[in-house]
Amino acid sequence: MAERILAGTHFLNGDEACAEGALAAGCSLFAGYPITPQSEIAERISYRLPQVGGVFIQMEDEISSMAATLGGAWGGMKAMTATSGPGFSLMMENLGLGLITETPCVVVNVQRGGPSTGLPTLVGQADMMQARWGSHGDYGIIALSPSSPQESFELTIRAFNLAETYRLPVLVMTDEVVGHMFERVTIDPDAIELVERRPPNAPPGEFLLYQPNENLVPQGMPTFGDGYRVHVTGLTHDERGYPVIDAATQAALVPRLKEKIARNAADIIDVEETEMDDAEVVILTYGISARTSFGALQAAREKGLKVGMLRLRTVWPFPEQTIVRLADRVAGFVVPEINLGQIVLEVERIVCGQARVRSVPHAGGDIHDPQTIVTAIEEVLHDVS
Amino acid sequence: MSRRTKALPVPEILPAQAHPMQKYLRMDRLPHIWCSGCGLGTALSCFTFALDELDLGAEDVGVVSGIGCTGRIAGYLNLDSYHTTHGRAIAFATGLAVAQPDKKVVVFSGDGDLFAIGGNHFIHAARRNIDMTVLCVNNFNYGMTGGQYGPTTPIGSRGTTAPYGNYENPFNLPYLAASCGAVYVARWTSLDSRRLKEAMVEAIMKPGFTFVEIVSPCPTNYGRRNRLGDGLDELRTYAERSVIRHGADPRDADLIPGNDIIVGRFIDRTRPTFLEAYEQRIIDKQHFVRPQRMGKGPHRTSGATSTGGKAGA
């Protein structure tokens, strides 16, 4: 019998590490559809889940993959799906169902170049705003961004934990290079902490499916067949879960879906600061672009430039307070990302003219040449001198 | 032309009393939203009688719906009920069914939801033989959105988006279900309440992907635009035209206005369910440990083995 947690040190790519992270987190259902560059996740988990009592099901498309993931979650399983851009677009419909029904699960997007079929085998980070806004309507969202196979493992576990804590689908926004990059991954079972599903806080008849706790999160989640007779609907609903189609019920539900993430942002946000103490320019980045940015940081430091890096392991919710605090004391921000400027918009909004903000865009298909980032740093310093 | 009849006046108003299957209904959600003369109330009622006959309760069965008039059925049933997105009920139910294999999962939805936007999920769930029952109320149009033509609208029938009459070939639902691998396929009209209830009992008890089509009036939209009279008139048509042909070849079961309505149990066969095949071909052969979730109750088995690739007789 194979072990659920692949303890020890291994040579894995980011996709495989993501699959192992899901297993370690207790995932027992994977519903997905083949797509490059995600396939190594599905292949690995189709091999591993049957060994540990889980179910792998290859669905007919990404629409059904997302829907089956939600169904499995209400059936009591920790469930995950994984895809890339085109499939992510198809998942937006039932991602919304997961958000309004507050269903814990994990969605992995191994980003490639878009739009449409775009660059199936080459890297992109251009789905970051889709991750925030892609499904219709208002809601809060959580999106994590690993920069290495080790982090693909760790952040996939964290995604499952956050999904259970805050009762929503959590996105792992990785990319083709991190997905296909092989590195050492060290797995210590004793260091893994898991959040399990909260059972209902009251017996059937007294329990309210969507009564929020002090963190604005529903009190507990009955499993199909527990006798709670839940009604789960994608319609606007009251605390019983019953559909009520009016403005008052909408006003009670939808702001809470947004606010439960905003109010708990301090607990969710996870950023890494590098050489920030004396930094005059901050490289703000995430995912694979943080790896190229680190090379740029070292090159700039060798030139005597005072540069630091703020790496977002959680992209959504956005670390507004950290950036507001930095905007008061640094000359500017440089934002490399493999898209034509998405997260930089959020930085500009928050910095609000208090410091320079410079995008380092890349249309995709390749990672940044670190020299382009160094040049951007020099330009920011030149502008303010 | 069909013989046109008008409904007779209701002879007496029945005194208000409890629905005999009230235990299965969310009474705080009633009255329902359906129009007078619609077949959905009958379909819902038959389902509750079927559950009662099987002595199934909230710990045994859950209902999944999509969007549309039929999609609202889940919300009236006092069971675990999941009202999902348009067309995705079967996909959602697939996750629910593999997570809880000892429980019964019923998808209750309409013809547009299941066979237009949801058609792909239907054919693949049937192919995989996921252990679920799909009950389709076929009213030949999109009622909720105002009477547009859909995947079952007969040629020549009118809808709000078929003002000159529909010219697209409709699906024959039992033939589609049988072709895709459903192990039980039946059709009844909403007039055949006792036989419909029996078909629901059979379909729910049979392991694997089972399908019952419920031909139903939609007097507000489809019936009105196609001059079929009110709900009772449509039921009279069912009485006049229905022909019971158990075991009929589903290819012969096209629904053509003016022709016989072929009803009955068309397919009843056995082949391994998705999870049976998974356990037999993977778990047992590889000597993996059977998961705990399989051990909670009397796990449903079709009696079939997965060694053969073809559906059994």
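Residues are numbered from 1 along each chain as its sequence is written, and chains are lettered from A and ligands numbered from 1 in the order in which they are written. In this predicted model, local features need pLDDT of at least 70 and side-chain atom pairs count only at pLDDT 80 or more, while totals for chains, interfaces and linings use all residues.

User: How many Å separate the centres of domain 1 and domain 2 of chain A?

Analyst: Chain A is split into domain 1 (8-191) and domain 2 (271-384). These bounds come from an automatic or database domain assignment. Taken over C-alpha atoms, the distance between the two centres is 27 Å.

User: Which element gives the largest share of the side of domain 1 of chain A that touches domain 2 of chain A?

Analyst: Contact means that the C-beta atoms of two residues, placed from the backbone, lie within 7 Å. By that rule, 25 residues of domain 1 of chain A meet 22 residues of domain 2 of chain A. Elements giving two or more residues to the domain 1 side include β6 (119-123), β8 (169-175) and α7 (176-180) of chain A. The largest share, four residues, belongs to α5(A).

User: Which helix of chain B gives the largest share of the side that touches chain A?

Analyst: Helices (H or I, at least four residues) and strands (E, at least two) are DSSP runs, numbered from the N terminus. In the chain contact, 34 residues of chain B meet 39 residues of chain A. On the chain B side, β2, α3 (89-99), α5 (119-128) and α10 (274-284) each give two or more residues. The largest share is eight residues, from α3(B).

User: Which residue of chain A stands opposite Tyr82(B)?

Analyst: Tyr82(B) lies in strand β2 (residues 80-83) of chain B. Three bridges join β2(B) to strand β10 (residues 231-233) of chain A, and the two run parallel. Strands pair if DSSP finds at least two bridges between them. Opposite Tyr82(B) stands Val232(A).

User: Is Tyr82(B) buried or exposed?

Analyst: A residue is buried if 20 or more other C-beta atoms, placed from the backbone, lie within 10 Å of its own, exposed if 12 or fewer, and partly exposed in between. Beyond its neighbours within four places in sequence, Tyr82(B) has contacts including Trp74(A), Gly62(B) and Phe92(B). Because 28 other C-beta atoms lie within 10 Å, Tyr82(B) is buried.

User: Which strands stand at the edges of the nine-stranded sheet?

Analyst: The sheet is open and mixed, in the order β10(A)-β2(B)-β1(B)-β3(B)-β4(B)-β8(B)-β7(B)-β10(B)-β9(B). Each edge strand has a single partner, so one side is left without a neighbour in the sheet. The edge strands are β10 of chain A and β9 (242-244) of chain B.

User: What is the bridge partner of Val185(B) in β8(B)?

Analyst: Strand β7 (residues 184-189) of chain B pairs with strand β8 (residues 209-215) of chain B. The pairing is parallel, over six bridges. Val185(B) has as its partner Phe211(B).

User: At what angle do the axes of α1 and α6 of chain A cross?

Analyst: Axes are lines fitted to C-alpha atoms, for helices over the stretch in contact, and angles run from 0 to 180 degrees between N-to-C directions. The axes of α1 (residues 14-25) and α6 (residues 149-166) of chain A come within 7 Å. The contact residues divide into nine nonpolar, five polar and two charged. The crossing angle is roughly 35°.

Note on methods: Nonpolar A, V, L, I, M, F, W, Y, C, P; charged D, E, K, R; others polar.
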